[in-house]
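Student: Hi! I have a model open and would like to talk through how it packs. Could you walk me through it?
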Amino acid sequence: MHDDSDTPQRIRPVAMLLAWIWPGLGHISLGERVRGYRIMGGMLLLFFGGLLIGGVDCVDRREDTLWFLPQAACGPLAFAADFANTKILKSAPPEELLSPPEPSGSGRLLPPTVSKRRGLAHPNEFGTLFIALAGLMNVAVILDAGFRRFGPSTASTGGGR
Amino acid sequence: MSLLAYTPFIDPLPAAYELWWLSAIPLLFGISMIYKAYRMPVLDGYWRQVGVMTAQILVAMILFAVSLSVLVVWIVPRLPVE
């Protein structure tokens, strides 16, 4: 790491915004292309791995709001997945919906509101976790893109290869 | 769920109901890829570092799981009730 502790800290809001819009784009904009591509690869592996394991039900802004907070740090990808969830699962035709049992345990069935495509148990948990961790990692990446001290200089010394 | 009706990225992966624990490996690999990409000052030896970090966390998780199993299955049932 370069010793540039004497130079004033520069904040790069554009790089931070780009890092949120698409994972890795912030570092690519700083000239660290390889670093950015590797961040992008890891982030997309986690995001689409989560969607593959748990289905689109893993991103749910309305029902899993607390999980969506870290997931939203993945950027527009998370909002697109939530939109797909709303369009495919929550707006499904009635024949694709199941009736949940009444919470009181009476055995009566409520009107059909639950999609047959809904994720349950471990796949849903792991899918949600994959995407939430991708978002939390992207928070660190966004901060790194904004406050990186040895940014463009490493592009010429190997860091940007 | 029928495999014929499975739509990738829309439906949950059918195999993940049984083999959910295998998903820890790509999870740790992805986290290591991101962490090492922004943390290493110079990216020489990047993939080796990613592999080492993945293996380290995986081994730590396995050791924790074995320790907890020993505690719950062997030690706790042998404790005196009163």
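Tutor: Happy to, and let's start with one residue. Setting aside residues up to four places away in sequence, Phe47(A) touches Cys74(A), Leu77(A), Ala78(A), Ala81(A), Ile131(A) and Ala134(A). Keep in mind that this is a predicted model.

Student: Where does Phe47(A) sit?

Tutor: Phe47(A) belongs to helix α3 of chain A, which covers residues 33-54.

Student: And is Phe47(A) buried or exposed?

Tutor: Phe47(A) is buried, because its relative accessible area is 2%, and the cut-off for buried is under 20%.

Student: How far is Phe47(A) from Phe79(A)?

Tutor: The two are 32 residues apart in sequence, and their C-alpha atoms are 12 Å apart in space.

Student: Let me zoom out. Which residues touch the most other members in the largest nonpolar core?

Tutor: That core has 32 residues, and the ones touching the most other members are Leu46(A), Phe47(A), Ile131(A), Ile34(B) and Tyr46(B). The elements giving two or more residues to this core are α3, α4 (65-72), α5 (76-90) and α6 (121-147) of chain A, along with α1 (24-39) and α2 (46-78) of chain B. The most comes from α3(A), with 7 residues.

Student: What does Ile131(A) contact, leaving aside its neighbours within four places in sequence?

Tutor: Ile131(A) is in contact with Leu46(A), Phe47(A), Gly50(A), Leu51(A), Cys58(A), Val59(A), Gln71(A) and Cys74(A).

Student: OK, helix geometry next. How do α3(A) and α6(A) cross?

Tutor: Their axes come within 7 Å and cross at roughly 160°. The two helices are therefore roughly antiparallel to each other, and α3(A) passes α6(A) in a left-handed crossing.

Student: Which residues meet there?

Tutor: On the α3(A) side they include Ile39(A), Met43(A), Leu46(A), Phe47(A) and Gly50(A). Among those they meet in α6(A) are Phe126(A), Gly127(A), Phe130(A), Ile131(A) and Ala134(A).

Student: What about α3(A) and α1(B)?

Tutor: The axes of α3(A) and α1(B) come within 8 Å and cross at roughly 160°. That makes α3(A) roughly antiparallel to α1(B). The crossing of α3(A) past α1(B) is left-handed. Contact residues include Arg35(A), Arg38(A), Gly42(A) and Leu46(A) from α3(A), and Pro26(B), Phe29(B), Gly30(B) and Ile34(B) from α1(B).

Student: And at what angle do α4(A) and α5(A) pack?

Tutor: They pack at about 140°, with their axes 8 Å apart. That makes α4(A) oblique to α5(A), because roughly antiparallel requires an angle over 145 degrees. Phe68(A), Gln71(A) and Ala72(A) of α4(A) make the contact with Ala78(A), Phe79(A) and Asp82(A) of α5(A).

Student: Changing topic: is Phe48(A) buried or partly exposed?

Tutor: Phe48(A) is also found in helix α3 of chain A, and it counts as partly exposed at 34% relative accessibility. Not counting residues up to four places away in sequence, Phe48(A) touches Leu77(A) and Phe9(B).

Student: Where is Phe9(B)?

Tutor: Phe9(B) lies in the segment before α1 of chain B, and it is partly exposed, with a relative accessible area of 35%. Phe9(B) also has a positive phi of about 70°, although it is not a glycine. For background, most residues other than glycine have a negative phi.

Student: Which residues does Ser23(B) contact, leaving aside its neighbours within four places in sequence?

Tutor: Ser23(B) is in contact with Ile53(A), Phe126(A) and Phe130(A). Ser23(B) is found in the segment before α1 of chain B and is buried, with a relative accessible area of 7%.

Student: Last one: how many helices and strands does chain A have?

Tutor: Chain A has 6 helices and 2 strands, running α-α-α-α-α-β-β-α from the N terminus. Of its 161 residues, 47% are buried. Its accessible surface comes to about 8,100 Å², with 66% of that belonging to carbon and sulfur atoms.

Terms used. Residues are numbered from 1 along each chain as its sequence is written. Chains are lettered from A and ligands numbered from 1 in the order in which they are written. This is a predicted model: local features need pLDDT of at least 70, side-chain atom pairs count only at pLDDT 80 or more; totals for chains, interfaces and linings use all residues. Side-chain values use heavy atoms; hydrogens and water are left out. Helices (H or I, at least four residues) and strands (E, at least two) are DSSP runs, numbered from the N terminus. Buried means under 20% relative accessible area, exposed over 50%, partly exposed in between (1.4 Å probe, protein chains only). Accessible areas come from the Shrake-Rupley method with a 1.4 Å probe; for residues, only the protein chains shown count as cover. Contact means heavy atoms within 4.5 Å. A nonpolar core is a set of buried Ala, Val, Leu, Ile, Met, Phe, Trp, Tyr and Cys residues joined through side-chain atoms within 4.5 Å. Axes are lines fitted to C-alpha atoms, for helices over the stretch in contact, and angles run from 0 to 180 degrees between N-to-C directions. Angles under 35 degrees count as roughly parallel, over 145 as roughly antiparallel, 65 to 115 as roughly perpendicular and the rest as oblique. A crossing is left-handed if the near helix is turned anticlockwise from the far one by less than a right angle, and right-handed if clockwise.
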